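This report covers a cavity and a sheet. Please view the structure first.

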Amino acid sequence: MLLIIALPLLAQPKQQMLDPNIRYGVLENGMTYYILHNEEPKERASFYIMHNVGAMLEDDDQDGLAHMLEHMAFNGSENFEGKGVKNFLERQGVEFGKNINAYTSLDETVYNISNVPTDKSEVMDSCVLILHDWSGSLTLSGEEIDAERGVIKEEWRTRNNAQRRLRNKLAPTTYHESKYAKRDVIGSMDVVENSPYSAIRSFYKKWYRPDLQAAVIVGDFDVDEMEVRVKRILSKIPKPVNPTERPEHTVGKNKEFLYDYATDEEAQYVRYSVMIKHPAIPKDQKGSQYMLQDLITTLYAKVINERLANIQRKPESPFIRSSIGYYNFVRTMDAYYIAGLKPAHMDVLGSMKALLIENERVKRHGITATELDRAKIKVLKSYQEAVKNKTEMSNDAYVKGVKKHFLVGEPKLGADLELQFVQSSLPQITADQINTMVKKWNTDENMVITIQGPSIVDFIYPNRDEISALLREIRIENVEAFVDHVVTEPLMAKEPTSGKVVSTTVVKGMKAKEYVLSNGAKVVVYPTDKNKNQILFQAYSPGGKSLIDSQDLPSSDIVTQVAEKSGIGNHNLEDLRQLLVGKQIRLRTKIDTYSESLVGLSTPEDIETLLQLIHLTFEFPKFEKESYETITSQMKLQFKNVSTNLKKVFFDSVKLVSAGGQLERRPLQNLAYMDDVKFDRMEQIYKDRFKDAGDFVFVFVGAIEEASFIPMVEKYIASISDSGRREVWKDDDVRSFGNGYEKVFAYAMETPKQTNYIKYQGERTYTRKDELILMVAKGILSERYFKTVREQEGGSYGVGVYNNYSNIPYDNYSMTMNFDCNPEKAEKLVEIIHQQMKNLIANGANEEEFKKSLEGMMKTREQSMEQNQTLRGGIVNQYSKGVNTALTSNYEDILTKLTLKKFNKAIAKIMANSNTLSVIMKPKKD
């Protein structure tokens, strides 16, 4: 038995395993509430109601109605008629689908209203009143139920992919002798389309009740006042009389292993899993010992998955993705889980055996002390960072932990107490104790093995006897112990010779400084207090693929991946990851069409290491043939079944027409394309794009102390070599088809649907004002399509609307609509898309929709300005496109002066000469 240092909170009853800053209580009607003051974002609050209710509580004639009921919560209630909830909240600048949302799963349903302004008491009252109505006062009118049936059917159509179908085929084995095998949330379309009104009303009355619900409210408000409000409004919900006990469903046990496989014509990969079931810790027993076991589980997962990751980096790895760990399977059952993805060069049984051998290795010989030490550093660092970042944690992030506390009894102590617990527990955890736990997890009983993959493969899926023989082989296999390779060499083999700052200027409109270095590089530094433990970084240089010869474009697509997976300097990736253990650093390189860039982040504590990595990325990149072969073999596997990947088939067609058929400059990725990827061109391409520091601007935003930071900049960035070359991107004259161009094609698919891509585009001199006007139009069109295509016609789950305005490589704009739909309604829905666009151009917007879109943008902007990434992006835009998008003069000032009359005139002028482009994929008829 492990001993742990007792913390005051851990000595409390189970229900008190909760952050002491959270106001917790249970109303007389049985409803639980959690209230927490939090100031991120400032003057905003999030309201949640959690229902311990999901699809598992449905009767057979209600299959799918728990999910349908979630939709109905936005279609009328006692105090908010019709679309009243949506309309009221959107008037407060709270956006539907983004800030107003819900989800249903097998065991729970959760509704949320996020980022609500807290400056008006009546708005706070109304949000709690919405929770009151969601609890048990939905209207559930027959008219609204009927209207929502089509929306649910289209959601099913969109989501009924290979993954869902395979899950359902394997469910009787995976969820052995359990109701879980009969439920998948979206449910039966026969029930959804034809069930009587009484079925959904019965489910609602029976299960939506306060003793199965929790109100969770987090935000920048007075907790005492909010608690009074909660008690005043939510206590009015009647206490249930003789409520039905909420059942907990389990999964059947099995002495002998269970096995099955399933195939689907649209599946892309062969996946396999071995699951060993164990009873879950009951909700009322999740105390300090449970926390300790969870900590051990986390440490083990980090060790074993580091081993697997190192194997997967090899070109002939027997599995291309894999994981081993201990997870919660269903409410009443946990599972030790081993899962892998078969590579192209190996049979499924060989791949399975290799992964199971790795599991056998750790089962027999355990983990090493040095592996455990690294895992402890990683875990401790994550908890330390959580404490540092606790004042920056968003309302919705807090709610995630509270949700688990309510639904399944997970301890939610808060960052400080959790760190204390981890600090006191980690030193006492030994490799032997973890090894004992691993042996306990690996049992012969309750084992379930499944395989899923494409219908057409170059092997025969194994039968049960072959799986049984495989398990016997592994038991007698000679498996050697793992030998840990510990890195002792420093990150940098040689210290660079520092350069100098040669000039300093202030960035116009910002409290940022531009430092020009002796090698020509520009470094922009913007110290902020947005996040006291974060520094964001981005480097930008013009050029990109536009300056690469056509024959090298396929190689350029993966060159940065090869470099990153090869490591850096004298270290391969495995060694590099060891050297960075415990450091909060990310760094990625990228070559885009018209630029090359580096993007990363660190904490103030780790900023010097980030700067060292930036220096090495330029001066000592690494290119291993092994990494190249690993990446290309995985890509070839991805493209092997590309003809059944409907998304890729469709968007390859979009890419083709968007490039005007110019595949030489915009090649499609497929097996033929892989023949043009050349390793011997990699290093030269990379070094050419990341050749000159003087061609880059390096932007740092966040918790920066300039006095200590600038000398490090001089050491690591000013020392990067520069040949004096200065580049600009090249217009390679790639233009999309237009003037009404339409590509329509039919394709074989399991679930008939039509996928539509409709684009309005044109050339027009770029201005920031016009760009913002297009963004306002996007909001207006999104709302119109929601009301018409989704709500009135029930023909699509939703229409995505996207706008773009750029001056690179030429001045152009576009507005794109993308959606799946019922093929039988497709012609009408596509016509609606065009009608609404033409109507907006010809007649403009009305005051209400204009105001709603404008307010939504201003609210989103207000929140984004509290984030360092918005400031970083604005500075990069200043150097790339000539407009600092983070400045008030380039956003708020423009929108504040924008009136409905000005908008209507402007949108008509912008879109006046638009041409259209359409790509439509229809289901192929038998």
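## The cavity

Glu 306, Arg 307, Asn 310, Arg 374, Phe 482, Asp 484, His 485, Glu 574 and Gln 578 line the largest cavity. Helix 9 (288–312) and helix 17 (573–579) are the elements that give two or more residues to this lining. Helix 9 gives the largest share, three residues. By class, the lining has five charged, three polar and one nonpolar residues. Here Ala, Val, Leu, Ile, Met, Phe, Trp, Tyr, Cys and Pro count as nonpolar, Asp, Glu, Lys and Arg as charged, and the others, Gly among them, as polar.

The structure holds one cavity of 30 Å³ or more. The largest cavity has about 40 Å³ of space. A cavity is a set of points, on a 1 Å grid over the protein atoms alone, where a 1.4 Å probe fits but cannot get out; lining residues have an atom within 4 Å of a point. Volume is the space filled by probe spheres set on the points, which are joined across faces, edges and corners.

## Model and numbering

This is a predicted model: local features need pLDDT of at least 70, side-chain atom pairs count only at pLDDT 80 or more, and totals for chains, interfaces and linings use all residues. Residues are numbered from 1 along each chain as its sequence is written, and side-chain values use heavy atoms, with hydrogens and water left out.

Six strands form an open, mixed sheet in the order 1-2-6-3-5-4. Strand 1 (23–26) and strand 4 (100–104) are at the edges, each with a single partner strand, so one side of each has no neighbour in the sheet. Strands are DSSP runs (E, at least two residues), as are helices (H or I, at least four), numbered from the N terminus; two strands pair if DSSP finds at least two bridges between them.

Strand 2 (residues 32–37) and strand 6 (residues 213–219) run parallel, joined by six bridges. His 37 stands opposite Gly 219 in strand 6.

Definitions and conventions:
On a 1 Å grid over the protein atoms alone, a cavity is a set of points where a 1.4 Å probe fits but cannot get out, and a pocket is an open set with protein on both sides within 12 Å along at least five of seven lines; lining residues have an atom within 4 Å of a point.
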